[in-house]
Amino acid sequence: MPAQLIDGKALAEHIHNDITQRVTALKAQSRVVGLHAVLVGDDAAAESYAQSQAKHAGTVGIDYQLHKLPDGSDEAAVAALMQKLNNDPAVSGIILQLPLPDGIDADRIQPLIAASKDVEGVGAANFGALAMGRPALAPCTAAAAFECLKSTGIDISGKRAVVIGRSNIVGKPLAMLLLAANATVTQCHSRTRDLPAMVRAAEIVMVSVGVPRMVTGEFIAPGAIVVDVGTNRVSANDPENPKKKKTVGDVLFEEANVKASHITPVPGGVGPVTVAMLLQNTVTAAERMAE
Ligand code: NAP
């Protein structure tokens, strides 16, 4: 029997409704909920990402502003803008759009964002707070994968969970979120021995690897919940259009789908929920500032 699909679009819509209510409540107290993005140079992908963020922010009533600095701006100019946004009470959250042009080091700029406004949850302060079980703005993709899991309604406490991947923005924070929910967590990575056997022991399988369709059916225990963060562009194998591409996950969906109890599709799973988590972090940051 095929698994139950975890519908990321429907879940994101549900979260958007909740955020809209929270934004409305803040506005009723004359509070501004502002998401501010900093973009340096003319990267087309970053511009289009910013446009998509602006559209989503608008649907929940968040004021989105894009601050564009010209190509050739130096680190001091970007740092000065960050400082200004940190000090502005109308700014609830700050996003640093990547990539940055040559000569500007994201690892030096990102830490300048105040932890209370780091709505992407990528700074060390939020990472540390999450690890210590304190209130934190969690990294959006890890939070989105965790929301997908929670949406199944299963009791996570005591379950055996495997996270494949240990990146700072997905794998590690995801393991911390699972641990905070009292799962028994095993973190796997490229040096893990006998990965299929490790994963087969899990009731919850969270995958963030970046290798298309790596997790085949033989990895999945019957009835496991599978959440696939992977977003990989591969050939669509269209003989009429050899250049055509499509997006697939790190999980071989067709095989895992007949073993799992619940599974996220790619696309349409974790992806749409990630944007919702960015907006949720923004309203959370605004509420904390209002307090
Ligand atoms: P990353 O930083 O490249 O980390 C990949 C992790 O996978 C590493 O820990 C690596 O292990 C592990 N790994 C690589 N090959 C492996 C193998 N053969 N067996 C076991 N583990 C292996 O990637 P990421 O940032 O976590 O992203 C992973 C995927 O998620 C990508 O497809 C990315 O596009 C996608 N993603 C999606 C969203 C979204 O919004 N949906 C957001 C971010 C990322 P080592 O540490 O040992 O090298």
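# Exercises on a Predicted Model

Leaving aside neighbours within four places in sequence, E47 is in contact with L39 and K68. The exercises below concern this predicted model.

## Exercise 1

Determine in which helix E47 is found, and state what joins the side chains of E47 and K68.

**Solution.** Step 1: E47 belongs to helix 2, which covers residues 44–59. Step 2: the partners of E47, beyond the neighbours within four places in sequence, are L39 and K68. Step 3: between the side chains of E47 and K68 there is a polar contact of 2.7 Å.

## Exercise 2

Describe how helix 6 and helix 10 pack, and classify the residues of their contact.

**Solution.** Step 1: two packed helices are described by the angle between their axes and the distance between the axes. Step 2: helix 6 (residues 140–150) and helix 10 (residues 270–290) pack at an angle of about 115°, and their axes are 8 Å apart. Step 3: angles of 65 to 115 degrees count as roughly perpendicular, and helix 6 and helix 10 are therefore roughly perpendicular to each other. Step 4: the crossing of helix 6 and helix 10 is right-handed. Step 5: helix 6 contributes C140, T141, A143, A144, A145, E147 and C148 to the contact, while helix 10 contributes V270, V273, T274, M277, L278 and N281. Step 6: the residues of this contact comprise nine nonpolar, three polar and one charged.

## Exercise 3

Identify which of the 20 residues around the ligand come nearest, and give the distances from an oxygen atom of the ligand to side-chain atoms of R166, S167 and T274.

**Solution.** Step 1: the nearest of the 20 residues are R166, S167, S190, S208 and T231. Step 2: an N or O atom in the side chain of R166 is 2.7 Å from an oxygen atom of the ligand. Step 3: for S167, a polar side-chain atom lies 2.7 Å from a ligand oxygen atom. Step 4: for T274, the distance from a side-chain N or O atom to an oxygen atom of the ligand is 3.2 Å. T274 also takes part in the contact of helix 10 with helix 6.

## Exercise 4

Locate P99, P267 and R213, and describe the backbone at each residue.

**Solution.** Step 1: most residues other than glycine have a negative phi, and most peptide bonds are trans. Step 2: the peptide bond from L98 to P99 is cis, with omega near 5°; P99 lies in the loop between strand 4 (93–96) and helix 4 (106–109). Step 3: the bond from V266 to P267 is also cis, with omega near 0°, and P267 occupies the loop between strand 11 (262–263) and helix 10. Step 4: R213 has a positive phi, near 55°, and is found in the loop between strand 7 (204–207) and strand 8 (225–228).

Notes
Residues are numbered from 1 along each chain as its sequence is written. This is a predicted model: local features need pLDDT of at least 70, side-chain atom pairs count only at pLDDT 80 or more; totals for chains, interfaces and linings use all residues. Side-chain values use heavy atoms; hydrogens and water are left out. Axes are lines fitted to C-alpha atoms, for helices over the stretch in contact, and angles run from 0 to 180 degrees between N-to-C directions. Helices (H or I, at least four residues) and strands (E, at least two) are DSSP runs, numbered from the N terminus. Angles under 35 degrees count as roughly parallel, over 145 as roughly antiparallel, 65 to 115 as roughly perpendicular and the rest as oblique. A crossing is left-handed if the near helix is turned anticlockwise from the far one by less than a right angle, and right-handed if clockwise. Contact means heavy atoms within 4.5 Å. Ala, Val, Leu, Ile, Met, Phe, Trp, Tyr, Cys and Pro count as nonpolar, Asp, Glu, Lys and Arg as charged, and the others, Gly among them, as polar. A residue is near a molecule or strand if one of its heavy atoms lies within 4 Å of it. A polar contact is a pair of N or O atoms within 3.5 Å; within protein, one must be able to donate a hydrogen and the other to accept it, and residues adjacent in sequence count only if both atoms are side-chain atoms.
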